Structure formats: structure tokens, C-alpha cells
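Biologist: I would like to learn how to read a structure such as this one, feature by feature. Could we begin with the contacts between charged side chains?

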Protein chains: 2
Amino acid sequence: MAEIKELGEFGLIRHLTDKLHYTQKSTEKGVGDDAAVLNFHNKRTLVTTDLLLEGIHFNLEYVPLKHLGYKAAIVNFSDICAMNATPTQIVVSLGISKRFSVENIEELYKGIRLACERYSVDLVGGDTCSSMTGLTISITCIGEAKKDEIVYRNGAKENDLICCTGNLGSAFLGLQLLERERIVMQANPEGTPAFEGKEYLLERQLKPEARLDIVKKLRETGIHPTAMMDISDGLSSELLHICTQSNCGCAIYEDKIPIDYQAAVLAEEMNLNIVTCALNGGEDYELLFTCSLSDYEKLIPLEDVYMIGHITKPEYGCNLIGRNGEEIALKAQGWQAF
Amino acid sequence: MAEIKELGEFGLIRHLTDKLHYTQKSTEKGVGDDAAVLNFHNKRTLVTTDLLLEGIHFNLEYVPLKHLGYKAAIVNFSDICAMNATPTQIVVSLGISKRFSVENIEELYKGIRLACERYSVDLVGGDTCSSMTGLTISITCIGEAKKDEIVYRNGAKENDLICCTGNLGSAFLGLQLLERERIVMQANPEGTPAFEGKEYLLERQLKPEARLDIVKKLRETGIHPTAMMDISDGLSSELLHICTQSNCGCAIYEDKIPIDYQAAVLAEEMNLNIVTCALNGGEDYELLFTCSLSDYEKLIPLEDVYMIGHITKPEYGCNLIGRNGEEIALKAQGWQAF
């Protein structure tokens, strides 16, 4: 019997969805990207789903339920944004164990509803049931886009610019901070967690945002990315996905990777390499995209968008260029679901 | 703090989704029916989702994984059929604990894929992750229909005929049989389970079907139901939903309720009232619908469709007319999720 961890999450999905045949005319893109694409009519309908399990994806010791609900919705919106599309509806399924009260579930829903309001997404259905153990949250998000607006992972071309938004590693460092303070508090329940000056990192971990603002801005500016993903497992892992699916290599520059000041300070304090955090720490939900060199001038004025490298021939491989010019092969060390 | 079981599943959903505001023009119908209805274009897109948890919805001691996968897909197809629509795509999320091997998950997927093939539904995406405890299956199904084909729960009118398909109570009795034999086998592991002559009941429990055939037949025959649901929680419970949402009462006749011969025999053997099983046993996934009296002639030749009663004024209430003409108020004693 094969153990699942040998295959890993992506291996398992590939294995299970191998040789799937699509029979519906409306299925334009099935398994293999951030979301499926359905061609019901002229516009395209997108579908994505995420499952969050207590003890695996979240720890209620330090995640308030309202934040958890907010994040559970955002993670799905982000998958739709990663296709250069607009999230429009969600359905929510909850498995709830006896230790949760109605008030608890209301808090969770408040977070989900707040996210929906902020992003103009409608909560249109769901399923709730009891669970033997812990909390299970499954959200499916529907989105829409015109056919030629949709961006897949497989369109990156040699010489394309590689861009990312916001800053990277902050959500991971927020998690390290929460974990550190949880252990301190266990030893000394009378103390106060040392969060001062690090609130931004907590927010990035507990209350991430989907970059729908960037999707809109790219559209306004007339930039059409050639490939795009959201950064949920870490920059390295996502870049490798784009390069594998686009059959190309890449070079990104260490000194171009956007890093927040608070993140750098905490990494120093905790003796972590901040670049490693940015490359491999997940859950930033920033966008990673490639676009034609000819879009360079249009990219310059865009706030919160950073050019971090370029696409190369496949034989070059995927490399990080260090501050002293040294080349280091990128590895997918991102968060592993198994 | 309020306990969730005080509200029940429907109470909790109503509570949580109270005063939801929809902002997307494409949201035609949100929470409150078998599926949401999205108006992206001319045709309508439907979305429904179901969450299945080990120890709550299934017991792997007697449910083979392939059957479980098949049923998990069918349950969703059935929700789309219950809107008089056609299921077209699903996304599948799995939470998998360490005790499952790749071969186990393959078996589960074989069942899901078999259901997809049989119903021409495409599996277009999903999410898999590890779970601390047991197996979690979340499936979201997309479907389509023309606007005027869609049937909601709220359209039943006085004097409408009440119809159901197939037969009722068989899936519940299949479950009782499995449970009985499981206990017998525990006491005597050398024995053989006494399933002979009762295979149909096992099949109804382990491998239900969605009545897409009936949806197609109704369309061919030109019958447009005024209200429709699938029978997942029991006939009583579903009829009460239709009557509440349509603001009407109903009368159904005990001797018209379709019951399978094997089901009747087993009920006798187990000292269960077969009519109670048919009214309150869930998981039959047959269709319950109402239609205009003027469709009577068209209904007669339809195979596997039974007229079991009619819609009344709301003040009459919801009643079962017994074999001797006695009236018994219908109660929702169906399967309770909490």
C-alpha cells in the first residue's frame, strides 16, 4: 500500500485526476489551475474550492473564529483573482462538533459575511452538519471573466517579466510569532503576548486579503499577464508551477523580492533567514504573474507591484540570483499539505 | 450560549443566513432551495454543495470506499435534478487521515468517476489535504437549465397533484439491515451476513441514483412541475418544506405511497412500521414534485412516477390519510443532522 505522503498533495491530485475525460461542452478547463473554467455562454464561469480542517489548517487557540471565517472566504477569492477574474458567489459547508455554540458559529459567519461584503461576493448556499471532531470549513467560490481576460499558469514566455504584489514572508512570520507567544503564554499564563510593533504581521496571518484591487488595476492599465497564480504555498513553489506548466526557466533577484520592515526585524529576532521566509513561507495570498517585456512602461507606475525577475529558456532552470551574483536553484519547500 | 442542537440544521442555516444581502446581479436565487441559481447569461447556472463526514454520514465498517465515492457524487447530482436542471460539473475536496492509503483514495475516486461517467458530469477541480481524524468529503456540483425550466420549492398551488418517483423507505431499511448484520458479525465473526433476497435494499442504501431520467422524461412529456425537491430527509420532512415555502397544506394517501416488496418484508421482520419508514427514513434520493391537475393525463403513462396526494389550502395543514380514512398530521421526524 502506498503512503499518501510519498506522493504529496500535488502528486496525489495528479494521480487521481489522471486521464479524466470531459464530456460537457461547457468544461473549458478542468483540474490543473487555480480554478476550473466553464464556458456556459459568452462569459466564462470559474469555480474553485478549499477545505479547511481544524488542527491542520488552523489552530483555534490563537485564531479568533471571525478571522478564521474571513480568511476562509479570502483564500477562495484569491484563487479566482489568480485567474485574473472576479469572485461573484460562494457556497459554504460547515462540519461542527458539539463544543461549538451557536454564538461561535455566528462569529465564524460574521467573518465570512464581512469578507463577502468587502469583495461584493454573494453567499448563495451551503450545508451544515455535525462533526465528531473539530471544525471543518469547505468553501466553493464562483467567479466570472470574459474569455480573453482569463490567465492560466501555462502562458509564460521567454523574456517575460516576473512580477509579484505586496510583500512576501509576512504571513509566515505572523504565524511564527503567534506560535512563539502561545508557548510563552502556556509557561506564564499571567503574562501578555509581546505583539507590539508587530501587528502588521499578525494581520497578514490572521486577516489576509485577496488582490482583487490588482486584478482591477491591471485591467484598467491594459496589462494582460501571460501567466498568473496566487502565492499560497510560497514564491519558490509557485514559480516552479508556472515554469513547469509554461515549459520555461526563470531568474529572480534576491534584492528585488519585496519584504516588509516588521518581517525583517522579526526574522532577525528569531534567527530566521528572511529571504527563505519570503521564498518558502506560505499564505501571503499575493499575486505572482508574468507579462510581456513590452508592458514594462505600464508596470512602472503601478503601486504595490514589483518586478522581481524574468523568464528564461527551460534549460537554464529556475534560479535565484543572490546579492553577490551567485545562482541558487529554487526548490519547492513550501508548506506541504501532507 | 445556545446549543446548536436546539436550533437544528435548518434553524441554524436560517439563523446564519438571515438578512443576507445579494449584490451580484447574477445571483438569482441564494440560500433556501436545493441549489443556488446564478444568471450569468441567458441560461442559468446552478450550484449546490454537500459535506460528508466519517462517523456522521458514513461508517466505513460497512460502506466500501468506491460506493461512498459514488454516493457522495450522486447526492449532489440529486440536488441539481431537484431543481429540474442537469448536473454538469463537480469539484471535490477531500480531507484524508493517515490511516488511508493511496489505494483507498483511488477506490473512493473510482466511485466518484463512475458516477460522473454515468451522468456525463465533469470533475473539474478540487482540493485534498490531510486530516487529523477520519475522512472528509466535500463536493460542489454545478448544473444548468434554461430560466423557465427551473423549479423551486415555493410554487405549489391548491389542487396541484403531489407525485413522487421510485419507492420510499428502501434506503433506510438497507441501513437498518447493514447495522443489524454488523452487530451479528461482531458477535460471530465466522458467520456470513444474511443479505440474501435483500440485495435491492443494500443497493438503495449504498449506491443510490439521482433521478435525472425523470427530469428528462418530464421535459420530453412537457410536464412542468410547480414545486420540486429530492427526498433526502424523508417524505414528511420534504413535503413540509414544500408546503411551508408554498404557503399551502397537503393530503397524501397512505395506500398510494410506493413501497418496495423487499422493504415491506424486512420491515415486518424487524418489527418496523413500513409507512413510518417511507415517511421518515431518508436517503432515498427520489424526486417529490407537484404539478397542475391539468397534467394528470400526461402523468398516467410515466413509468416510476406515482401520484400520492394533492395540495390543499394552508389552513387544512399537512396530513396523511390512513387506509381507513383517518387523518394524521405529518411531522418532520426525518434524519436530523444535529
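Modeller: A salt bridge is counted when a side-chain nitrogen of Lys or Arg lies within 4 Å of a carboxyl oxygen of Asp or Glu. Please keep in mind throughout that this is a predicted model. With that cut-off, A:Arg204 forms a salt bridge with A:Glu286, and the closest N and O atoms are 3.0 Å apart.

Biologist: Which parts of chain A does the pair of A:Arg204 and A:Glu286 tie together?

Modeller: A:Arg204 belongs to helix α5 of chain A and A:Glu286 to strand β10 of chain A, so the pair ties together parts that are 82 residues apart in sequence. Both A:Arg204 and A:Glu286 are buried. In chain B, B:Glu286 forms a salt bridge with B:Arg211, with 2.8 Å between the closest N and O atoms. Here B:Glu286 lies in strand β10 of chain B, while B:Arg211 sits in the loop between α5 (199-206) and α6 (212-221) of chain B, so this pair ties together parts 75 residues apart in sequence. B:Glu286 and B:Arg211 are buried as well. Salt bridges that share partners also join A:Arg204, A:Arg211, A:Asp213, A:Asp284, A:Glu286 and A:Asp304 into one network.

Biologist: Now to sheets: in what order do the strands of the open sheet in chain B stand?

Modeller: Strands of a sheet pair through backbone hydrogen bonds, either parallel or antiparallel. In chain B, an open sheet of 7 strands has the order β8-β10-β7-β11-β9-β12-β13, with mixed pairing. Because β8 (227-231) and β13 (327-329) of chain B stand at the edges with a single partner strand each, one side of each is left without a neighbour in the sheet. On average, neighbouring strands of this sheet are turned by 25° against each other, direction ignored.

Biologist: Which strands show the two senses of pairing with β9(B)?

Modeller: β9(B) pairs with strand β11 (residues 305-312) of chain B in the antiparallel sense over 4 bridges, and B:Cys250 stands opposite B:Ile311 in β11(B). With strand β12 (residues 318-321) of chain B, β9(B) runs parallel, joined by 4 bridges, and here B:Tyr253 stands opposite B:Ile321. Strand β9 (residues 249-253) of chain B is mostly covered, with 4 of its 5 residues buried.

Biologist: Which residues have the most contacts inside the largest nonpolar core?

Modeller: In soluble globular proteins, nonpolar side chains tend to be buried together. The largest nonpolar core here has 90 residues, and those with the most contacts inside it are B:Phe77, B:Ile90, B:Leu135, B:Ile137, B:Leu235 and B:Ile252. Helix α2 (residues 65-81) of chain B gives the most to this core, with 9 residues. Leaving aside neighbours within four places in sequence, B:Phe77 is in contact with residues including B:Pro87, B:Ile90, B:Ala115, B:Cys116 and B:Tyr119. Of these, B:Ala115, B:Cys116 and B:Tyr119 are among the buried residues of α3(B).

Note on methods. Residues numbered from 1 in each chain as written. Chains lettered and ligands numbered in written order. Predicted model: local features only at pLDDT ≥ 70, side-chain atom pairs only at ≥ 80, totals over all residues. Heavy atoms only, no water. Buried < 20%, exposed > 50% of the residue type's maximum accessible area, 1.4 Å probe, protein only. Pairing = 2+ DSSP bridges. Core = buried A, V, L, I, M, F, W, Y, C linked by side-chain atoms within 4.5 Å. Contact = heavy atoms within 4.5 Å. Axes fitted to C-alpha atoms, helices over the stretch in contact; angles between N-to-C directions.
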